[in-house]
Each structure stands twice: as structure tokens, then as C-alpha cells.
Amino acid sequence: MTISGAAGRARRPRARVARSRTMSENDAVRIGFVGSGVMAEVMISGLLTRGVTPPDHIWASGPREERAADLRARHGIQASTDNLAVVDHAEIVVLAVKPQTLAKVLGQLRPRIRPDHLVMSIIAGARMGVIASGLDHPAVVRCMPNLPCQIHRGMTIWTATQEVAPPVRERVRHILQTMGKEIYVPDEVDVDRATAVNGTGPAIIAHFVKALEDAANFIGESRPLARESVLQTIIGTAELILASHRHVGELIDGVTSPGGTTSRALHVLHQGRFAAVLTDAIDAAYRRSVEMGDKLDEQVRTVKS
Ligand SMILES: NC(=O)c1ccc[n+]([C@@H]2O[C@H](COP(=O)([O-])OP(=O)(O)OC[C@H]3O[C@@H](n4cnc5c(N)ncnc54)[C@H](OP(=O)(O)O)[C@@H]3O)[C@@H](O)[C@H]2O)c1
């Protein structure tokens, strides 16, 4: 099969190249990262650690040779400053630049994207439509991974255009599973929502951890004790909720005795509008993701016209 599953497009006379790039289900995929920063390295490390792709099947590019040399030395991959070499060698091209660089990069890559390519984007806010139009290429996957992907405990929400065939979606799933859990969503708006929830989530939870540690310290707990007990309480509670089939509200009720300590603490959180503030924070992040998407649409339209 071709990796994109987008058979028969006659946009450019590249049929010979496309045929030579076809692959069987069992081949290790050739994957290239345009943008070789933090998230690209997280994905590269997942692919290598899980043995999904050997280092000589991974390409990465960015503007700085020192960074390329560092990636070559650490992972043995083929890293350079040449975005087009990445596209030429790869079957899956992962766009991992910052949103503000996207329009320029799409313009640069467009003439070299082949019909058999699959383009995967991890760029916050960037809609599949804008990438498809910027590259003149319909097979696009959009993912929103998060920071715990660094330790293979991440959460990636993803979607794909209809031109990405089911076997190719399975390969995408396999790649994303090297970083932790993944969930496919048919509606792209859920990826914008995920940008706010699981993309922003690690920073919000880290903020919560810091606040809880400070609070424990405020009432006299030592910093080391507070750190360990706060983190274990969060991990244990998350695992308990996961293991339980009960609604999370029932779990709270189960540990809240009338007039007890939990009841007092929850009352103060209600007074401080804790849940409402959290909703406002997630809503602000979601709106920002949509706003960034609108801006990228505009930028790519301008670059193309
Ligand atoms: N970090 C997260 O938790 C997270 C989670 C989900 C999604 N994302 C998304 O992932 C993308 C990358 O984020 P990141 O955290 O990995 O950022 P990052 O570390 O800054 O990586 C971006 C990379 O792109 C390189 N770059 C700049 N201009 C380029 C060009 N013209 N061609 C090729 N490469 C170029 C940068 O090189 P220089 O450093 O030399 O400028 C940098 O290495 C973003 O779009 C973000 O929205 C991030």
C-alpha cells in the first residue's frame, strides 16, 4: 500500500517515485521530523525505545547544526538542517515546528511533498484543512500529544482526513502508542478541546501540585515530606479513579464525613470558586487554540496567494 492511501492523484508527475516508495505492512516506516525540538525528540525517543523504527529510518531537521549534531550523537538518527532532505527520505512527515513557523515551512515543503506521503502534525491550533491546503496534499493526521509522552505515559488525541486509509491509521496508532495512550476522535474540534485539556493539563496539574505542596508547607509539613505525599496522593487517586467504575462524585462523597475535615476543605474550595476558575482556565485555553487556528488559516492563505 502507499502510506497515505491517497491513490491516484495526478497533481504532479511523480508516479514513479510514489511506486518506489510503496511498502508492506511489516516494513519499518521511514519517518521524518521537520522541526527537531522538544516534542520531536520525545517522539523519536518513543519510536527508538519501543523498537518501532530503527535509527537509520528516522530523519529530523531544524535550523541549527549543533542541534542536529546533538540528535545524531544521542540517537544515531539522520539529523540535519535540510527540511527538504527529510521530506525526500520519509514516508511519514511529522510537522513539529512552532505555530508561527508553520506558514513558511508549508511553502517550503509544498513542491517536494509526494502523493504517497502521510503528513502528521503536532502543531497546536493548526487545522488539517490549513495543512492540506498549504501543502496541496489531502492525507493529513493531526495529533495533540502532551508532556508526559516524554516518559511514555502521555495522552495523545488525534484525528485524520478521510484520505488517510484505515491501514495507515493503524500505523499512526502504533506510532502514537510509543508515547503512551492515544485516542482517535472523528471530530477535529475534539483536538482543539484536547489542546486545552491534555495539552495544557500537565502545566495546570503541576501548578496544582505546587499549590498543594505550598499549602502543606504552610501548615508545617517539611518540603520533602510535602512533595512525596502530594505526588503519591495524586497518583494514587488517579489510579483509584481509573480502577473504579463509580462516578468520581461518589468517590468524593464516600470520603466526606458529615462535619469532618474533608467537608471543611471542600467548603473552602467552593467558596473560592475552585471548579469555576478551572473551567474558565480550560475555556481560555480552548478559545486560544481556536484563535491560533484562525490566525494560521489566514497566514497560510496569505503565503499561498
Ligand atoms: N511541548 C509540548 O508539550 C507540546 C505538546 C503538544 C504539541 N506541541 C506542539 O509541538 C510543536 C513543537 O513544540 P516544541 O515544544 O517541540 O517546540 P520547540 O522545542 O521549540 O521545537 C520547534 C523546533 O522547530 C525548529 N525550527 C524553527 N524554525 C524551523 C524551520 N524553518 N524549519 C524546521 N525547523 C524549525 C526549532 O529550532 P530552533 O530551536 O533552532 O529555533 C525547534 O527545534 C509546537 O507546534 C507545539 O504546539 C507541543
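Mentor: A patch here is made of residues with over 30% relative accessible area and no salt bridge, with nonpolar side chains joined within 5 Å. Keep in mind that this is a predicted model.

Trainee: Which residues make the nonpolar surface patch?

Mentor: Phe208, Leu212, Leu269, Phe274 and Leu278 make it, over about 390 Å². Helices α9 (201–218) and α13 (274–304) each give two or more residues to it.

Trainee: What makes Phe208 partly exposed?

Mentor: Its relative accessible area is 36%. Buried means under 20% and exposed over 50%, so a value in between counts as partly exposed.

Trainee: How many aromatic pairs turn up in the whole structure?

Mentor: Two. One of them is Trp158 with Tyr184, at 5.1 Å centre to centre and 70 degrees between the planes.

Trainee: Why is that one called edge-to-face?

Mentor: Ring centres have to lie within 6.5 Å, and planes over 60 degrees apart count as edge-to-face. With 5.1 Å and 70 degrees, Trp158 and Tyr184 pass both tests. Trp158 sits in strand β7 and Tyr184 in strand β8, 26 residues apart, and Tyr184 is also the bridge partner of Trp158.

Trainee: Is Trp158 buried or exposed?

Mentor: Buried, because its relative accessibility is 0% and the cut-off is under 20%. Tyr184, at 26%, counts as partly exposed.

Trainee: And why is the pair of Phe208 and Phe274 called tilted?

Mentor: Their planes are 50 degrees apart, with 6.3 Å centre to centre. Under 30 degrees would be stacked and over 60 edge-to-face, so 50 degrees counts as tilted. Phe208 lies in α9 and Phe274 in α13, so this pair ties together parts 66 residues apart in sequence.

Notes
Residues are numbered from 1 along each chain as its sequence is written. This is a predicted model: local features need pLDDT of at least 70, side-chain atom pairs count only at pLDDT 80 or more; totals for chains, interfaces and linings use all residues. Side-chain values use heavy atoms; hydrogens and water are left out. Two strands pair if DSSP finds at least two bridges between them. Helices (H or I, at least four residues) and strands (E, at least two) are DSSP runs, numbered from the N terminus. Patches are made of residues with over 30% relative accessible area and no salt bridge: like charges are joined within 9 Å, nonpolar side chains (Val, Leu, Ile, Met, Phe, Trp, Tyr) within 5 Å. Accessible areas come from the Shrake-Rupley method with a 1.4 Å probe; for residues, only the protein chains shown count as cover. A salt bridge is a side-chain nitrogen of Lys or Arg within 4 Å of a carboxyl oxygen of Asp or Glu. Buried means under 20% relative accessible area, exposed over 50%, partly exposed in between (1.4 Å probe, protein chains only). Rings of Phe, Tyr and Trp (its six-membered ring) pair if their centres lie within 6.5 Å; planes under 30 degrees apart count as stacked, over 60 as edge-to-face and the rest as tilted.
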